[in-house]
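The sequence and the structure are shown first.

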Amino acid sequence: MLLMGCDPLAQTQRSRLQHRRVKINQQINKEMRMRAGAENLFRATTNHKVKETVALELSFVNSNLQLLKEELEELNSSMEVYQTESESINVPMIPLGLKETKEVDLAVPLKDFICEHYGEDGSQYEKEIKELMDLRQAMRTPSRNEAGLELLMEYYNQLYFLDHRFFPPGKNLGVYFHWYDSLTGVPSCQRALAFEKGSVLFNIGALYTQIGARQDRSTVQGIETAIDAFQRAAGAFNYLKENFSNAPSLDMSAPSLNMLVRLMVAQVQECVFEKVVLLLGDGDVAAHLQVAQEAARVADVYSLVFQTMAQPPVKDYVPFSWATMVQVKAEHFKALSHYYASVALCDHDVPSAEDEGKSEKALLQFHATKPQGPSLNVVLRDAEERRRLGKAHLKRAVIQHEEAMRIHSLCRILRKMDILQEVLSFTHRRSLDKYSEIDHEDDFFETCEVPSIHPKTQQKPEIKTPNFSKIRITDIFHQLGPLSVFSAKHRWSAQRRVRLGRGERSFGLTLRGDSPVLVAGVVPGGCAAEAGLREGDYIVSVDGEDCRWAKHAEVVQILKSSGEAGVELGVITLHSPEQGGQGEKKCVLLSAGGDKENTRLKNPSTAVRGSGYLLLWNKKKSSTASKKRAGGTFNLPFTNFRDSEAMY
């Protein structure tokens, strides 16, 4: 069955790419070992001929390593395949490839756990296990659209139930989850389900980057969609950074995630600039000054991203083409900011007093420091002074354009991106044409050095955490019973069969709660006590019919309608948690099988609704979840009572 949002055609293409990555990494590791051995020999030997031979070998190995790293980088820098197919010319964005994973066979471990822990025949759950396996297989190749995102989120939400159903605290099923690093292709393997959750969350963020990159940004709608996608990508990576530590793969380490968040914010800021330019029209002095400040803001955030990429350990594995692209964009948008400043000063007059006041205010707040020459009030009223200042800005723009083109030429991969080359050449040529237009032969003044432009934006980027609660799901293993009782961390007695008859007036017991109904009290000497019911028992069946999901009123109605023969109840008793409270503790380190995130799910067995039911990774120790012990039993609190506790 093909699940909605799955793109099976992508599997062959990405598997081929992943196979090449793995092969290259194996070769790199082999060359690294050879280099380490050669370096040790070079330091240890005193024979000059041996030293010369080893030095020659080291040179050969280093050359091979450089070629292999360039080949790997080219595989990791396939940005063009994710770009929009529109004919409009936009600066390419930087998307992320998805993490790849191997198939995992959960059938045997889950069946064994159901048999051992839940006391049921695991083969009765083959349908549910197959549904889970199909969902995991489908999420490996999500389509690059909203349906693909929903597929990943559905599997992510199901992992909450899987964790609580089958992964006891401090234990595991012996299942290994294999995931490949999205940047280096290096495989990582862990038994912790938290590694699976984190990797899926990373892919949600990566898929958002691909959706944002493929938007047609020649329209306002396309730009707004791209902004939303990049903001949600930043939210996914930030969420991952805050809730995981000691990730085994480099792409999920805190420095990498910090870099990715900043990169997504920068791409949002770039989209905001494009939106402002698209809505500019003819504009006036103030409007063009605003565009220039937007461009300066984009240049600033890309400069920050480049600084982050240049810091160890990120600089050791981030693709060189990414770092070069970010540096090119920083210079490119600096050039655009000075170009639009020149247009504002040279192409627009200030006809009215109202416009003059607005333009004067905008110009006074425009530069980071006061430019050389007369006051800005004089500049605004004197066309020749405006042309002189505009010419200085334009000269700075040409210099920055040329710097962007120089940096671009240093990267072989970027040189292959025709659209980027076209954008850089077009903007450079436009600035040169503008300079020729305003340059007069009788200009004897020396062009002044203009200060930097004060960055400013009308729309600050938001970091939007993915909205998992919008995906309504039902626990695949719903049949096992309510998660409040039937979870991996709880243990209970074997099911007892109790024949309950009615006394002269009542059964002599108190019931409360729903799903399952709890025996809250037993009258000494009453019918229930004589039948063997105890306080703290949970009713899981009535006359052989499963009632783990039955409501309070339903069970009461069955009891009241029983005849003289009475009813047969199936009951269980929860045992106390592990000594010392270890049963509720989870390690916060990803490498040990846990994470930091905590929450409480009120009714986790039903469809997810609203923000209060956001599926997260751990349960919080709630002060309201008090432990009551009576006769060696452990009673769970109920937060969904519909009927008051009453005697029957």
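## Helices α6 and α7

In this predicted model, the axes of helix α6 (residues 193–213) and helix α7 (residues 220–243) approach within 8 Å and cross at roughly 160°. Axes are lines fitted to C-alpha atoms, for helices over the stretch in contact, with angles from 0 to 180 degrees between N-to-C directions; helices are DSSP runs (H or I, at least four residues) numbered from the N terminus. The angle therefore makes α6 roughly antiparallel to α7 (over 145 degrees).

The crossing of α6 past α7 is left-handed, that is, the near helix is turned anticlockwise from the far one by less than a right angle. Residues of α6 in contact (heavy atoms within 4.5 Å) with α7 include Gly198, Leu201, Phe202 and Tyr208, and their counterparts in α7 include Phe230, Arg232 and Tyr239. The contact comprises 14 nonpolar, four polar and one charged residue. Nonpolar denotes Ala, Val, Leu, Ile, Met, Phe, Trp, Tyr, Cys and Pro, charged denotes Asp, Glu, Lys and Arg, and the others, Gly among them, are polar.

## Helices α13 and α15

The axes of α13 (residues 383–409) and α15 (residues 418–438) come within 9 Å and cross at roughly 155°. α13 is therefore roughly antiparallel to α15, and passes α15 in a left-handed crossing.

Among the contributors from α13 are Arg387, Lys391 and Glu402, while α15 supplies residues including Gln421, His428 and Lys434. Ten nonpolar, eight polar and five charged residues make up the contact of α13 with α15.

## Basis of the values

Residues are numbered from 1 along each chain as its sequence is written, and side-chain values use heavy atoms, leaving out hydrogens and water. Local features need pLDDT of at least 70 and side-chain atom pairs count only at pLDDT 80 or more, whereas totals for chains, interfaces and linings use all residues.

Terms used: Helices (H or I, at least four residues) and strands (E, at least two) are DSSP runs, numbered from the N terminus. Angles under 35 degrees count as roughly parallel, over 145 as roughly antiparallel, 65 to 115 as roughly perpendicular and the rest as oblique.
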